[in-house]
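Below are some brief comments on the model you sent.

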Amino acid sequence: MQQSGSMQPEAEPTPPQVQQAGRDETSALLASLPMDTVNHWLREMMLIREFEVRTMQAYQDKKIGGFCHIYIGQEAVAVGTIAAITPEDPVVTAYRDHGHALARGMDPKYCMAEMYGRIGGCAKGKGGSMHMFDKANNFFGGHGIVGAQCPLGAGLAFATKYRDEVINKERSKHVTLCFLGDGALNQGAVHEAKNLAGLLDLPVIYIVENNGYSMGTAISRGTTVGHEITRKADAYGIESAVIDGLDVLSVYRDMKPLVEHCRQTSRPAFVDMRTYRFKGHSMSDPRKYRTKDEEAQYELLDPIARLSKAMINNQMLTDERFKQIGKEVRQEVREAIKWSVASKPPGKDELYKDVYVEKWGPYTGTSLPEMLGGDES
Amino acid sequence: MSRVIEFRDALCEAMTEEMVRDERVFLMGEEVAEYDGAYKVSRGMLEQFGSRRVIDTPISESGFSGLGIGAAMHGLRPIIEFMSWSFSLVAADPILNNAPKMLYMSGGQFGCPIVFRGNDGAGGQLGSTHSWCVESLYANVPGLKMAIPAFPSDAKGLLKTAIRDDDPVFFLESERLLALKGEVDEDPELLIPFGTANIPREGTDCTLVSFGRPVHFCLEAAEELAGQNISCEVIDGRSIRPLDVPTITRSVRKTNACVVVDQSWPFASIASEVAATVSEQCFDDLDHPVVRVNSDDVPAPYAFDLEQEMLPNARKICQAVRTATYSS
Ligand SMILES: Cc1ncc(C[n+]2csc(CCOP(=O)(O)OP(=O)(O)O)c2C)c(N)n1
Ligand SMILES: [Mg+2]
């Protein structure tokens, strides 16, 4: 009988660390950006962090049910990438989606109410944590099936290009951001989507939030050439980049030209965004597959601490102001929870609403959530 | 000798015993080895059998399902675990287009002795992508067998039968039942043949037919109705394909009333199939048309109350029985 291989977690930290911006480079980057912008990023990341901390508490208190995936550690990715596009550019992601929804501009109260399963949620409590949507902010969802969003991302890019070129007779001028996990790289749909994007010249950027693990499987155990996943873009003739996803300044610095390049050329791109999820895969994960040492090493690279320290070093932030922002975001999330609690659970009539646009049989047509005005349509 | 164990351990025992018995059997799926299974069903199996026989996969359902089918065509006996049957949808082509048709298309040359197993049905507020009840959808396909245990003992006996079966078996577990405890015999030859329904409760006024987790809702309803002097006979089908029609019709001839409870959607469902069969074979015995209880004909919602409203439950079953027995 065969004996099993080593059960020890990898000695090497996964993913392999990317070259980090040095102190001078960081200072130069900070100096090149408007103060308000950087302040805004810091605040956004802190808002997401606070939102997630309270989400975890609410889950433990059984106010939130189902599967719930926490974004703590990855905040710089959503904030830095979305800062590099315009509000008209489509965004789509997987189930670890709270951070993207907030970074895209969703009011935290609609996001929280969705997880509380209330009618005031962005999807009227019908989608839950894994399925956030916000049409007004061009956020095309959280998607629960691994990889499912990748062909959709190609479709969103197809649509913007079609509208721009075929209907409006202009140059293609939009870029779609499609986020996926490193584990999603092994779904067939992702490869079909990349090939289509390359073949049809679709302006979509596949951003792999490479946190090194899919559930308990380290990337090296589940993915060939896991140390160099950009080769999986080369195979489809798609340009790629490796970015330090734990530093919002690096994310923006590298994403901005890439986005503009895709916009200009109407071509896809692929990003190996090196990051780390600081918490478990979902709310029930003892994290036995990785070492405490590895976790501690990544916690030193906490994107919020990194940005705030750099700002303080460059006289862009005071300790006092930092604490003040902390207070503000705590208040904002507290309000969101209060609002969620006050919102009612969806009534029985919602069961047969939104199944079809048309009213027929037991089906009662559709209506927009409160977030979008709540109109019957 | 029997002892009380959890449903998940009954499944683990079945796989372990069959792997000891037959070296052609192996287990493959996401997180089955080093993580002991996402739901701890394969706990300890990696240690016992090693990584050649208990194999972690990437998130590639289409790939590893197809791989299993190829291996089965070459004479191995794979057990392919889906973390959830909801994720089998991305493997629809291999599991529906290859496995069940291989024997036929090859004119009897290549059989496909493979077991696909995993959680089926609502797990509790998982939303519509993760709450699939695949039984009605998949049972439509000739060439496959489908088993769906409701009790630990059946879980073990049916899974052992599935692994020894020469045809592809879709084995539907429920995450909500994995911690359920029950008596399970230690006999390594505990085999429950497919197509043999069980009658966990006898009665005289109405036959309740169900499969998998809703069998427990039927038992709950039967208990409640007993207090109102309505005596229900509960039939646990245990396998859907083949379906034990004689046990069902025998019961209906006795009770003259039938309610079918099936957790999938009502349209073209297992419940429709059973209702049609009972209507055909027991038309003169029925005092009332067969009544069906299904999930509501809508995608599964996330919100707790809405999901409860959508799923079959004891209250809905009681109401259906009252209708079928003219007691409302
Ligand atoms: C097709 C499919 N298979 C399995 C799952 C269960 N599942 C959910 S998340 C996950 C791991 C995904 O890892 P990764 O893509 O790296 O994203 P991360 O969770 O790290 O953000 C798995 C296996 C699923 N949702 N869909
Ligand atoms: Mg990952």
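**Notes on the ligand site, the chain contact and one residue**

1. The shell around ligand 1 is made up of nine nonpolar, six polar and six charged residues. This is a predicted model, and the points that follow should be read with that in mind.

2. In total, 21 residues surround ligand 1. The closest are A:V146, A:G181, A:G183 and A:S214 from chain A, together with B:F87 from chain B. Because the residues that surround ligand 1 come from chains A and B, the site is shared between chains.

3. The contact between the two chains takes 40 residues from chain A and 35 residues from chain B. On the side of chain B that touches chain A, α2 (45-49), α3 (61-73) and α11 (304-310) each supply at least two residues.

4. As for composition, the side of chain B that touches chain A has 16 nonpolar, 10 polar and nine charged residues.

5. Is B:S84 buried or exposed? B:S84 has 25 other C-beta atoms within 10 Å, and the cut-off for a buried residue is 20 or more, so B:S84 counts as buried. B:S84 belongs to strand β4 of chain B, which covers residues 77-84.

6. Leaving out residues up to four places away in sequence, B:S84 touches B:G118, B:N119 and B:H130. B:K145 is 61 residues from B:S84 along the chain, and the C-alpha atoms of the two are separated by 18 Å.

Terms used:
Residues are numbered from 1 along each chain as its sequence is written. Chains are lettered from A and ligands numbered from 1 in the order in which they are written. This is a predicted model: local features need pLDDT of at least 70, side-chain atom pairs count only at pLDDT 80 or more; totals for chains, interfaces and linings use all residues. Two residues are in contact if their C-beta atoms, placed from the backbone, lie within 7 Å. Helices (H or I, at least four residues) and strands (E, at least two) are DSSP runs, numbered from the N terminus. Ala, Val, Leu, Ile, Met, Phe, Trp, Tyr, Cys and Pro count as nonpolar, Asp, Glu, Lys and Arg as charged, and the others, Gly among them, as polar. A residue is buried if 20 or more other C-beta atoms lie within 10 Å of its own, exposed if 12 or fewer, and partly exposed in between; C-beta atoms are placed from the backbone. A residue is near a molecule or strand if its C-beta atom, placed from the backbone, lies within 6 Å of it.
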